[in-house]
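Welcome! Please take a look at the structure below, and then we can walk through some of its features together.

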Amino acid sequence: MRLTTVHLAALALLGTASVASAQSGGMSFFVTSVGLGEGANLGGLAGADAHCAALAEATGVTGKVWAAYLSTSTVDARDRIGTGPWVNAKDETIAADVATLHGEGNNLSKETALDETGAVVAGRGDDPNEHDMLTGSLADGTKAPQTCEDWTSSGPDGVAIVGHHDRKGPDTLPTATSWNAAHPTRGGCSQEALRGTGGAGLFYCFAVE
């Protein structure tokens with residue numbers, strides 16, 4: 001029921017956006033425009049994947065299998081997303097394959113890591129800053145120990161690894177430019193905790209096929 005309510009809200013939001021001008025039927029990558037509203041509790045991988053699919057289909061992109069870029073205690077995010085290539089809502093290539101995505105040659109930035117409508121996602125310097133993307137992953141796309149109980153927790157305890165979609169952060173943070181492994185969250189797995197480090201419970205979605 002929670003997923004249904006959130007998805008209806010997402011559909012209403014998308015209905016007010018200029019989707020037609022930005023959206024491409026070939027889109028195979030996007031950042032979620034909205035989270036599920038319960039912090040890092042995404043309903044596990046199944047709930048996160050369903051959210052990806054609902055947002056994509058609301059823009060008219062159908063016939064694709066979507067996977068959230070999330071690792072768990074038993075799954076590596078890099079193994080969930082297919083083989084590529086992936087393009088955003090404006091037909092800009094993000095990466096040709098898994099190796100490129102996790103290397104220096106990917107094309108991920110604030111200007112290209114767009115949401116499903118083709119809109120730029122708020123980042124460092126914006127108010128609010130929402131550049132923290134839930135991943136639970138190390139830089140190579142394999143699992144990290146911090147996944148907020150495999151994306152089922154929104155409580156005061158727990159930690160999740162996040163990346164920065166805009167590749168920006170303080171100079172004191174060596175990993176600030178990492179799109180998938182910038183830093184752990186602080187203060188738990190709740191929506192409030194995610195906001196506290198510059199997030200909104202957003203994550204990456206990739207078309208597997």
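## Nonpolar cores

The largest nonpolar core holds 26 residues, and those with the most contacts inside it are Phe30, Leu42, Trp66, Leu70, Leu134, Trp151 and Phe203. Such a core is a set of buried Ala, Val, Leu, Ile, Met, Phe, Trp, Tyr and Cys residues joined through side-chain atoms within 4.5 Å. Buried means under 20% relative accessible area, exposed over 50%, and partly exposed in between (1.4 Å probe, protein chains only). Two or more residues each come from α3 (44-58), β2 (66-68), α5 (148-151) and β8 (199-207), and α3 gives the most, with six. Apart from this core lies another, of 19 residues, including Ile81, Trp86, Val121 and Tyr204.

## About the model

This is a predicted model: local features need pLDDT of at least 70, side-chain atom pairs count only at pLDDT 80 or more, and totals for chains, interfaces and linings use all residues. Residues are numbered from 1 along each chain as its sequence is written, and side-chain values use heavy atoms, leaving out hydrogens and water.

Helices (H or I, at least four residues) and strands (E, at least two) are DSSP runs, numbered from the N terminus.

β6 pairs in the antiparallel sense with β5 (residues 132-134) over three bridges, and His164 is the bridge partner of Asp132. Strands pair if DSSP finds at least two bridges between them. β6 also pairs with β7 (residues 183-184), again antiparallel, over two bridges.

## A loop residue

Arg167 sits in the loop between β6 and β7. Its phi is near 60°, a positive value in a residue other than glycine.
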